[in-house]
Amino acid sequence: MANQFEKPFLDEVNAHIGIAHKVCRMYCQDPDERADLLQEMLYQLWKAYPGFGGRSSFTTWMYRVCLNTALTWFRKSTRKNWESLSLSHQQIPEPPTGPEEEQRQALFQAIATLSPLNKAIVLLYLDEVSYEEIASITGLTKSNVSVRLVRIKKELESQLKKQANSPDNVNS
């Protein structure tokens with residue numbers, strides 16, 4: 001039975017693997033955690049694939065599975081009281097970054113402060129997914145997605161202003 005699903009599954013997942021990487025990046029800052037989460041997402045996609053009936057596009061279904069896996073992962077990881085090693089623990093200096101990368105990092109830091117559902121909405125919005133599809137993936141109504149996005153944008157703008165005015169910001 002697995003063989004009949006293997007090739008179509010691998011073709012679809014390989015064509016859209018960027019979805020899983022984006023979701024991982026949104027929910028995990030640590031590269032090792034991202035790798036673990038990606039592996040869990042692929043496992044969950046494989047488990048759920050026989051039930052994928054084509055009622056939605058493959059990308060919508062993949063977003064739904066990946067986001068649900070990330071949210072479950074996030075809930076489980078918040079119960080743990082451990083700290084993963086970071087580059088500062090290893091005493092390896094971080095590579096220099098340019099202004100674009102600094103802006104990208106600032107945006108990801110601001111997004112990291114959002115609730116898990118709002119992170120999912122932002123991820124889908126940044127990936128230019130339609131409001132209808134965001135609603136379908138998240139289980140919200142289209143109007144609720146629209147309202148949430150307005151509020152999320154205001155919250156992110158406020159967070160980015162705080163970061164820019166922070167005394168830790170060397171560019172201010």
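In the predicted model, Thr138 touches Leu117, Ile121, Leu124 and Val145, leaving aside residues up to four places away in sequence. Thr138 itself belongs to helix α8, which covers residues 131-138. The side chain of Thr138 also reaches the backbone oxygen of Ile134, at a distance of 2.8 Å.

Four salt bridges are found in a search of the whole structure. Another of them joins Lys22 to Asp127, with the closest N and O atoms 2.3 Å apart. Because Lys22 is in helix α2 (residues 17-27) and Asp127 in the loop between α7 (116-126) and α8, the pair ties together parts that are 105 residues apart in sequence. Lys22 has a relative accessibility of 35% and therefore counts as partly exposed; Asp127, with a relative accessible area of 24%, is partly exposed.

A further salt bridge links Asp11 and Lys7, whose closest N and O atoms are 3.0 Å apart. Both residues lie in helix α1 (residues 2-15), four residues apart, which is about one turn of the helix. Asp11 counts as partly exposed at 42% relative accessibility, whereas Lys7, at 56%, counts as exposed, the cut-off for exposed being over 50%.

Note on methods. Residues are numbered from 1 along each chain as its sequence is written. This is a predicted model: local features need pLDDT of at least 70, side-chain atom pairs count only at pLDDT 80 or more; totals for chains, interfaces and linings use all residues. Side-chain values use heavy atoms; hydrogens and water are left out. Helices (H or I, at least four residues) and strands (E, at least two) are DSSP runs, numbered from the N terminus. A polar contact is a pair of N or O atoms within 3.5 Å; within protein, one must be able to donate a hydrogen and the other to accept it, and residues adjacent in sequence count only if both atoms are side-chain atoms. Contact means heavy atoms within 4.5 Å. A salt bridge is a side-chain nitrogen of Lys or Arg within 4 Å of a carboxyl oxygen of Asp or Glu. Buried means under 20% relative accessible area, exposed over 50%, partly exposed in between (1.4 Å probe, protein chains only).
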